[in-house]
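Let's take a friendly walk through the aromatic rings of this model and then look at how its chains relate. The structure comes first.

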Number of protein chains: 2
Amino acid sequence: MPANTAVIAFRDDVFGHGLLVGTDVPGVYGRSGEFEDTLVRLDRVVGAAGAADDATVLRFPPVVSREVFERSGYLQSFPHLAGTINAFAGDDAAHRELMRVVENGSDWSAAFTSARLVLTPAACYPVYPALAGQLPPGGRLIDVSSYCFRHEPSEDPARMQMFRMREHVRAGEPEAVVAWREAWLSRVADLAAALGLEARTDLASDPFFGRGGKLLALNQRERRLKIEVLATIASSDQPTAIMSLNYHEDHFGSAFGIVTGDGQVAHTACVGFGLERMTLAMYRRHGFDRQGWPSPVRELLEL
Amino acid sequence: MPANTAVIAFRDDVFGHGLLVGTDVPGVYGRSGEFEDTLVRLDRVVGAAGAADDATVLRFPPVVSREVFERSGYLQSFPHLAGTINAFAGDDAAHRELMRVVENGSDWSAAFTSARLVLTPAACYPVYPALAGQLPPGGRLIDVSSYCFRHEPSEDPARMQMFRMREHVRAGEPEAVVAWREAWLSRVADLAAALGLEARTDLASDPFFGRGGKLLALNQRERRLKIEVLATIASSDQPTAIMSLNYHEDHFGSAFGIVTGDGQVAHTACVGFGLERMTLAMYRRHGFDRQGWPSPVRELLEL
């Protein structure tokens with residue numbers, strides 16, 4: 001079945017079983033009570049996989065300042081996926097003019113100007129400025145989770161414009177950070193297996209923007225900076241990343257002034273879990289009736 | 001103590017105890033693991049208060065389409081609080097120009113144009129378009145929860161730019177909707193009392209924009225459309241709304257074409273719980289050491 005046909009068939013299945021509810025925006029869905037319940041159970045299992053590390057929990061709302069966003073380098077690599085936030089700062093007269101434009105059915109967006117805020121593109125972005133300065137001996141490990149925004153309207157329910165990402169973020173000396181990511185490489189494979197997912201781990205690259213992006217992607221692959229866990233969601237020919245492990249080297253350490261105990265620029269890495277994608281992968285793999293999921297999976301999820 | 005002094009003192013207390021972490025944006029905070037844990041427990045207690053109603057659970061990401069937003073009437077009443085989302089649709093050349101502006105430290109927001117999305121101002125907004133059409137006999141009751149955006153940068157930790165709101169939304173015949181809100185009036189008072197909060201219930205009005213807004217607020221009070229549960233957070237002189245009960249009459253029914261079984265425009269009402277505000281009110285009332293909270297409260301929260 002061609003990939004796009006498979007996507008539409010799967011989406012219709014997901015809608016038909018009432019797990020997601022469509023809206024008037026591609027990639028923006030309502031989640032049913034059961035979908036949420038499954039997602040929360042998966043999130044708990046993800047948390048248990050990293051519990052031994054005793055990470056510091058931090059939760060941010062899904063925005064960062066424009067300044068943090070600029071320093072992160074996201075605009076250089078992924079301008080097409082970003083979402084900036086504007087607000088209205090006009091007076092009564094400007095409001096009357098705004099309402100006139102709205103009532104004419106015209107585009108009123110010009111009445112809104114920058115609120116100096118940007119939607120969080122990945123759950124870890126607010127963490128780096130919070131780590132600025134000298135790390136304690138051994139570095140830091142932060143557990144974050146957030147709605148994230150990617151401006152890529154799509155019919156594929158596995159490619160949402162807003163979705164939740166749980167992440168662990170490690171900052172410290174290069175060797176410690178690399179070793180931490182290595183440890184998670186086997187953890188994510190174990191986790192996918194425990195969930196009964198026929199997943200595979202592969203080198204990957206980010207969707208860098210434009211012509212120059214191809215070189216960046218090649219470089220990322222050659223340096224083994226991004227590894228993904230892929231599972232079938234809409235299409236078995238084109239499996240979808242449900243988890244990813246990213247080594248940023250000194251990128252965020254340099255950008256946000258994060259330094260190790262001996263004054264070197266800290267390295268960072270993160271492991272991220274796409275919670276909606278994991279949820280969809282479970283229904284795709286085990287069927288739309290949760291009662292029929294394999295016993296070990298049901299036990300793991302406490303279903 | 002003057003209100004603003006009280007606000008800063010309380011904020012410093014909240015920061016000092018590590019419950020919230022400041023960022024470079026007023027009203028945007030990181031939440032500690034304990035803060036989140038308390039919030040989740042309060043959310044569970046809120047859920048239990050309405051459990052008998054067997055509401056349909058729906059969860060939306062914190063955005064709505066520009067079209068839904070226009071129809072909701074929010075721009076007429078609260079343009080100053082809204083956040084619209086822009087995205088970048090340029091090519092390689094436009095990207096090079098964007099990066100030049102960013103590197104100059106200039107305002108690059110003009111390179112982003114409307115993504116036809118708006119941040120959700122209240123958890124219930126995505127529900128109304130989902131209810132469009134004829135309601136089943138007896139109407140509908142929806143349980144929603146979402147991060148919400150209000151563009152009102154403030155030093156008061158109880159006035160966040162992004163915060164979570166749990167809501168129950170009732171749609172149906174006017175008498176049924178009014179009776180439902182009446183039932184919640186005693187439930188919210190009971191809930192606040194069970195949490196040991198010295199709360200009071202009062203008529204209220206929304207922060208309508210501009211000169212004309214004063215009339216709208218007066219009208220809202222006279223018609224008893226908005227009732228709030230107020231508790232001390234930063235200032236005991238100026239308590240903060242932690243819950244609110246809103247009767248919209250036929251506003252959303254008309255805007256989104258929601259009709260009752262006999263073809264009349266449906267009325268709607270909602271009861272909303274500000275989860276961060278409830279959490280802060282608990283620490284303010286019972287102290288920063290959860291171990292010392294009153295036994296009945298600890299039992300209710302399963303602490």
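## A stacked pair

Tyr283(A) and Phe288(A) are both buried (under 20% relative accessible area with a 1.4 Å probe, protein chains only; exposed is over 50%, partly exposed in between). This is a predicted model, where local features need pLDDT of at least 70 and side-chain atom pairs pLDDT 80 or more, while totals for chains, interfaces and linings use all residues. Residues are numbered from 1 along each chain as its sequence is written, chains are lettered from A and ligands numbered from 1 in the order written, and side-chain values use heavy atoms, without hydrogens and water.

## Rings in pairs

Rings of Phe, Tyr and Trp (its six-membered ring) pair if their centres lie within 6.5 Å; planes under 30 degrees apart are stacked, over 60 edge-to-face, and the rest tilted. The count is 30 aromatic pairs over all chains. Tyr74(A) and Tyr125(A) make an edge-to-face pair, 5.7 Å centre to centre with 85 degrees between the planes. Tyr283(A) and Phe288(A), in turn, are stacked at 6.1 Å and 25 degrees.

Both Tyr74(A) and Tyr125(A) are buried. Ring pairs also join residues into a cluster whose members include Tyr74(A), Tyr125(A), Phe88(B) and Trp108(B).

## How the chains relate

Chain B superposes on chain A by a rotation of 180 degrees with 0.0 Å of shift along the axis (RMSD 0.0 Å), fitted by least squares on C-alpha atoms of residues with pLDDT of at least 70 in both. That is the relation of a two-fold axis.
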